[in-house]
Amino acid sequence: MDIAKVVSKRSFMLWVSFLVLILLATSPLYAPEYTVILLTSIFMYIVITVSWAMFSGPTGYISLASAAFFGVGIYTSAILGKTLPLPLIIIIGGLVSFCLGLLVGALTLRLRGVYFIMFTFGLVELLLHFILWWEVNITGTTGRVVPTMSNTTVYYLMLIIFVILMLTTYFISRSRYGLAMQSIGEYEEAAAHTGVNVTTVKVITFAVSAFFMGAAGTIMATRWTYIDPRIAFNPTISFLPVMMAIFGGAGHLYGPVIGAALFTYLEEFLITRFPYYYMLIFGIILVVTILYLPDGLVGVIQKLWKRILEMKHADT
Amino acid sequence: MIERILDVAIAGLMLGGIYALIAVGLSLQYGVARVLNIAHGEFIMLGAFISWSLYTIFGINPLVSLAICGPVVFVIGFILYRTMYTSLRNSSASPAVFEGKSLLASFGLVFIIQNVAILIWGADIKGYSYLAFPVNFGGAKFAANRLVTLGFAIIIGLVFYLFLARSRLGKAIRAAAQDPSAAGLMGVNINQVLALCFGFGALMAGLGGTLISMSYQIEPTMGMEYTIIALIVIVLGGLGSIPGSFIGGFVLGLVGSIVTYIQPGLSLVAYYVIFMILLVAKPTGILGK
């Protein structure tokens, strides 16, 4: 009886996801262009946030390197944009980020807590200032022009990356591999003693999450047409996914998705009219979330849902 | 040649004085109060802008506003710790959890303080001219305000060191840094001491901000750069070691000055390279345990 319930619930979720996906995939046919552009932005933030949560959610290591991986993708797009077809560039951009992720992961193996946070943040600033210096002193030019794509193409590419990412995250979280990461987050020494290869698990996951951020950067570069180091390696890109994921609930599959979608919508709504109030509200929401909602929005919803179920139970 | 070396060395010391001051503040907040305050630079920015307002509107001497900015920022820091961070500390299961949560809360503060400042003062770059005449120093010329900045940075650092080393409260702070719960058992009012430490950290940032506003341009988004420099310095000096932070500040200032002399524009890159090598090779820093 119970098993049947669980199976039916899972297949129900599957059907809902499938339906939503079809609606999203066909949206350029009926939705106005503005909606498609907005959806692209939303998917970009979702991809960055979910990839951030893929590593940082279960392990508890807070990475601020997102902007570095995203920026590497953007620069790959700018350098190779004219010579190669876009799908190939996306894969290359992702792979370059992946390799950077492997390198950073291998270097920071022994770093815990704040040391890891500081290192990852330093990485963004290092790349930013190095490339700035390089462009000013060596190549003598600042910024690059990226060949543009149509809005619909950008949208579909982002959607594809999003679907692949969600599938990857889903299968990781349900596998032994996901359990291993969870155990690292709970108690790293104990995980190592029970036979989890802590190092490999951490480094590979970090690199995989970097792959998706790089791929997202490669795609978004084609929408911005002009990029320079300050746009590509904008530290805000490192902070936003942390906030979005924590607001939504970093420990759940859908938490980061909901957090990113709500915040991007709020940004779209507020940033043109009240840019400073937007960031102010952002900060306040973050503080309130950390103080009062340790499991994020999804945690609150689950708690409410449980209470409703209990009330029903009490009635019958 | 000697003139040039002197030139680079003194420029480095002047830069280092500011670095040392702001790093000591951050070191106090992290080493004792266990908050890696990413919003540290935002307190510096507040100090700088309050001094700017006092100077341009009321004509108050920036050296006098040291006595105004410091206490104002101290009170803000103290209240923040008594409310937000204390409630986070009480709800955290372990010190490690508190470190993570307080760091994220400081992120929120960055955005709150920065954007409130933009709403009050606008997003433009500002500056004023105070003691900007040149002083001849062994053949090398320096702006008087930078020399005054260096002097004040050293005086504030020494006074603070004496306070920690000699006073009763300083002893309580050092005890809390070593073991908060044992210090609590020995009769130290631990919540009060931690909040005072956070406040003192903010105070140093405020003073640093005032000194910075005397010789550099200021803008509401300037905080992050100073936060990062303070972070690099406290890692260089050893996390939690206050004398280490003070020395580390001068070391980094000298490095910055030397790199700027050889290849202008690469000083920040040099800082990050040092920082990352340190983190990987010797995360305990120069004077760390």
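Tutor: B:R89 is buried, because 21 other C-beta atoms lie within 10 Å of its own. The cut-offs are these: a residue is buried with 20 or more other C-beta atoms within 10 Å, exposed with 12 or fewer, and partly exposed in between, with C-beta atoms placed from the backbone. The model is predicted, with local features needing pLDDT of at least 70 and side-chain atom pairs pLDDT 80 or more, while totals for chains, interfaces and linings use all residues. Residues are numbered from 1 along each chain as its sequence is written, and chains are lettered from A and ligands numbered from 1 in the order in which they are written.

B:R89 belongs to helix α3 of chain B, residues 62-91. Helices (H or I, at least four residues) and strands (E, at least two) are DSSP runs, numbered from the N terminus. From B:R89 to B:S102 is 13 residues in sequence and 8.2 Å in space, C-alpha to C-alpha.

Another helix of chain B, α8, has 26 residues, and 23 of them are buried, so the rest of the structure largely encloses α8(B). From first C-alpha to last, α8(B) reaches 38 Å, close to the expected 38 Å; the expected span is 1.5 Å times one less than the number of residues.

Next comes the core. The largest nonpolar core holds 187 residues, and A:V47, A:A216 and B:I22 have the most contacts inside it. Helix α8 of chain B (residues 190-215) gives the most to this core, 15 residues. Such a core is a set of buried Ala, Val, Leu, Ile, Met, Phe, Trp, Tyr and Cys residues joined through C-beta atoms within 7 Å. Leaving aside residues up to four places away in sequence, A:A216 touches several residues, among them A:V47, A:F70 and A:I161. Contact here means that the C-beta atoms of two residues, placed from the backbone, lie within 7 Å.

Finally, the two chains meet: 31 residues of chain A are in contact with 36 residues of chain B. On the side of chain A that touches chain B, α5(A) gives the most, 14 residues. That side has 25 nonpolar, five polar and one charged residues. In this count Ala, Val, Leu, Ile, Met, Phe, Trp, Tyr, Cys and Pro are nonpolar, Asp, Glu, Lys and Arg are charged, and the others, Gly among them, are polar.
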